[in-house]
Amino acid sequence: MNIAQIIQKQKDYFKTQRTKNISFRKKSLQNLKSEIQKREADIIDALYKDFKKSEFESYALEIGIILAELDLVIKKINAWSKPKTVLPTLINFPSWSKIYKDPYGSVLVIAPWNYPFQLAFSPLIGAVAAGNTAVLKPSELTPATSRIVSQIIENVFDQNHVCSIEGDVSVSQKLLEQRWDYIFFTGSVGVGKIVAKAAANFLTPTTLELGGKSPCIIDETANLKIAARRVVWGKFINGGQTCIAPDYLLIHKKVKEEFLKNFEQEIENFYGSNPQNSKDFPRIINTRNFNRLKSMLENENILIGGKLDANDLYIAPTLVNDSSLDSKVMKDEIFGPILPVLTYGSEDEIDPIISHYEKPLSFYIFSNNKNFSKKLIELYSFGGGVINDTIVHFANHRLPFGGVGHSGDGAYHGKLSFDTFTHDKSVTKRFNWLDLPVKYAPYDGKLKTVKFLLKYFS
Ligand code: NAD
């Protein structure tokens with residue numbers, strides 16, 4: 001079957017109304033959960049094969065998150081999918097008004113490689129829970145994991161309901177030429193623009209989960225020991241290949257030296273004196289990305305780390321000093337284990353740096369000065385942020401996860417994943433036993449009554 005035929009079959013399947021049945025959705029998600037549990041060891045092996053992701057990170061940040069999300073959705077799906085009755089207005093009296101939780105129809109999910117299991121299944125769960133059919137395009141850069149993802153989908157779903165189509169960029173392009181009812185894309189800003197243009201052809205609604213340069217500001221009141229540990233964690237987890245990792249540090253001059261001492265110590269505490277030997281530190285995904293990161297280090301003043309091993313696709317946890325905003329490392333999102341350290345002396349030196357960049361996906365502040373962090377949180381527009389830690393906002397399914405402007409459009413996780421793939425269909429039912437004539441022509445003498453009704457009863 002070619003892509004157009006697969007999509008047509010899914011559209012026909014959607015029309016049968018089967019996916020609208022809540023028990024069917026719940027059963028599908030329960031089956032998905034059991035299949036993932038069965039394949040846990042295979043998933044961990046595949047992630048190790050693809051880029052030496054550790055067993056701990058593979059479970060905690062890929063499998064465990066998805067199982068928790070499935071538990072939540074299975075528990076809540078009945079409540080979330082019930083039509084919601086809202087108060088009618090007097091102007092419509094007598095009537096009732098309801099919001100129906102309507103699936104969009106056929107959905108396309110395009111996933112990236114950095115969390116190739118979690119970022120494929122997380123949106124897919126939302127799409128299925130909301131009653132859509134779905135095609136997933138997993139990343140071609142993690143072939144072992146993408147294969148397992150596809151096998152799991154084949155084992156759980158009728159392919160007219162959900163299927164996975166593997167392949168390179170050309171497959172993604174062919175998928176984007178089709179007409180969808182919703183597109184959910186996670187990936188780079190550049191490809192996000194391509195997706196948005198393709199979606200515009202059919203006015204297809206989208207969620208765009210993108211990236212950007214997420215700042216991490218550390219002021220002179222911060223607890224430097226804790227800050228160092230939490231930045232090392234958020235930056236170097238997944239080998240620095242995390243969309244919400246701190247991209248650069250902006251630290252108060254007074255505390256830079258002490259922070260760096262703590263930072264170096266924490267790297268050693270986490271990964272030993274040679275992180276290349278640590279089983280907990282993943283590799284760069286491929287040679288193209290290795291070379292991209294390597295070129296960012298040219299002409300930079302390396303403070304910590306800096307070791308590169310092309311054969312092993314290894315880049316050590318690395319800090320670079322005082323990079324200029326025009327340098328390669330400060331131009332685009334880094335997306336690797338390199339952290340530039342910039343400094344400021346007074347608060348008014350912060351804004352020219354933050355405002356030099358597009359609205360970031362994440363924003364981190366380490367400070368014990370409540371006014372300082374409050375001011376920054378309120379001043380800047382960003383996807384999501386944390387005070388006194390990094391990336392942990394991701395782990396609360398009650399918080400919408402997504403970017404703003406160049407870092408993305410739309411948000412998901414928990415109930416919001418269900419809402420993302422659901423159209424809120426508004427319906428009013430009028431009753432026939434009373435039909436106030438005020439809204440009907442001829443309007444002579446009725447304007448006063450309408451003004452009164454609109455003012456006091458709408
Ligand atoms: P990418 O944009 O290169 O690829 C993502 C997907 O798009 C892949 O499936 C790929 O096949 C497809 N694709 C690539 N080029 C395409 C093209 N020209 N036309 C159509 N489809 C195309 O991103 P990536 O390298 O896989 O991931 C890294 C980027 O993703 C980083 O910028 C990172 O910040 C971002 N990201 C964001 C989030 C988030 O939740 N906001 C999560 C993970 C990664």
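Is Asp419 buried, partly exposed or exposed, and what is its relative accessible area? In this predicted model, local features need pLDDT of at least 70 and side-chain atom pairs count only at pLDDT 80 or more, whereas totals for chains, interfaces and linings use all residues. Residues are numbered from 1 along each chain as its sequence is written, and side-chain values use heavy atoms, with hydrogens and water left out.

Asp419 is partly exposed, with a relative accessible area of 28%, where buried means under 20%, exposed over 50% and partly exposed in between (1.4 Å probe, protein chains only). Asp419 forms a salt bridge with Lys415, the closest N and O atoms being 3.0 Å apart; a salt bridge is a side-chain nitrogen of Lys or Arg within 4 Å of a carboxyl oxygen of Asp or Glu. Both residues lie in helix α14 (residues 415–420), four residues apart, about one turn of the helix, helices being DSSP runs (H or I) of at least four residues and strands (E) of at least two, numbered from the N terminus. Lys415 is likewise partly exposed, at 37% relative accessibility.

The structure holds 20 salt bridges. Among them, Arg283 pairs with Asp312, with 3.0 Å between the closest N and O atoms, and this pair links distant parts of the chain, 29 residues apart, with Arg283 in the loop between α10 and α11 (287–297) and Asp312 in the loop between β11 (308–309) and β12 (314–315). Arg283 is buried, with a relative accessible area of 6%, and Asp312 is buried at 18%.
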